[in-house]
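Let us walk through this structure one piece at a time. Keep the sequence beside you as you read.

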Amino acid sequence: MALLLILLFLVFAVFLRIAVQWYRTNDLGLRAASLNAPLMEIFPGTIFVLSFCVALVISALAFLEMLSPIVVLPNLIRWLFFAVGLIGITTAVISQNQMGDSWRIGVDQQETTDLKTNGLYARSRNPIYFGILLFWMGLCGTFVQPILLASAAVCWICIELIVRKIEEPYLVRIHGDAFTQYAKRTKRYSLI
């Protein structure tokens, strides 16, 4: 169940989105920090990706029955967590599509993109990350394992660093008062 959830995330929220971006813009939308960038621009994004790699390995080991959960939740509860994970994936994919050509993984400090404030972005400045949070909740509930829980926590810390130290300062610099006013009327993550 956990392996299916992470594979769905990778297929729809990563690989398919990159393909859509390439088809629409002739650009993959991937913006890795340069090796000359400050550590604060390199470290969180790298660890964010590694947390998903660890989750994929843990989920594969669970599927192969080489790793057991510390707690086996009742099937109904596990399916409810699976549904939460699916809602998270759906939220992330819808949010990515609403960003249109402005969608990126990573920030190029020299690039200017449009400020999106409609759709899910009318309620949350980061609905993709909210979807990722729901995904991780679902994943951790389908297979309760300390390494997976730690990966989720590390991923969220990285998201906090990326948003607060890289993305929001970039958006203030590029969009100025328009972003500041938008930030005052919307939540950072939650759509609720």
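Helix α1 (residues 2-25) packs against helix α2 (residues 39-63) at an angle of about 145°, and their axes lie 8 Å apart. Helices here are DSSP runs of H or I with at least four residues, numbered from the N terminus. Axes are lines fitted to C-alpha atoms over the stretch in contact, and angles run from 0 to 180 degrees between N-to-C directions. The crossing of α1 and α2 is left-handed: the near helix is turned anticlockwise from the far one by less than a right angle.

This is a predicted model, where local features need pLDDT of at least 70, side-chain atom pairs count only at pLDDT 80 or more, and totals for chains, interfaces and linings use all residues. Residues are numbered from 1 along each chain as its sequence is written, and side-chain values use heavy atoms, leaving out hydrogens and water.

Which residues of α1 and α2 meet? From α1 come A2, L3, I6, L7, F9 and L10; from α2 come F52, A55, L56, S59, A60 and F63. Contact means heavy atoms within 4.5 Å.

Now find F135, in helix α4 (residues 127-142). F135 is buried, with a relative accessible area of 0% (buried means under 20%, with a 1.4 Å probe and protein chains only). Beyond its neighbours within four places in sequence, F135 touches L5, I6, F9, F52, G85, G88 and I89. F135 and I89 are 46 residues apart in sequence, but 6.0 Å apart in space, C-alpha to C-alpha.

Terms used:
Helices (H or I, at least four residues) and strands (E, at least two) are DSSP runs, numbered from the N terminus. Buried means under 20% relative accessible area, exposed over 50%, partly exposed in between (1.4 Å probe, protein chains only).
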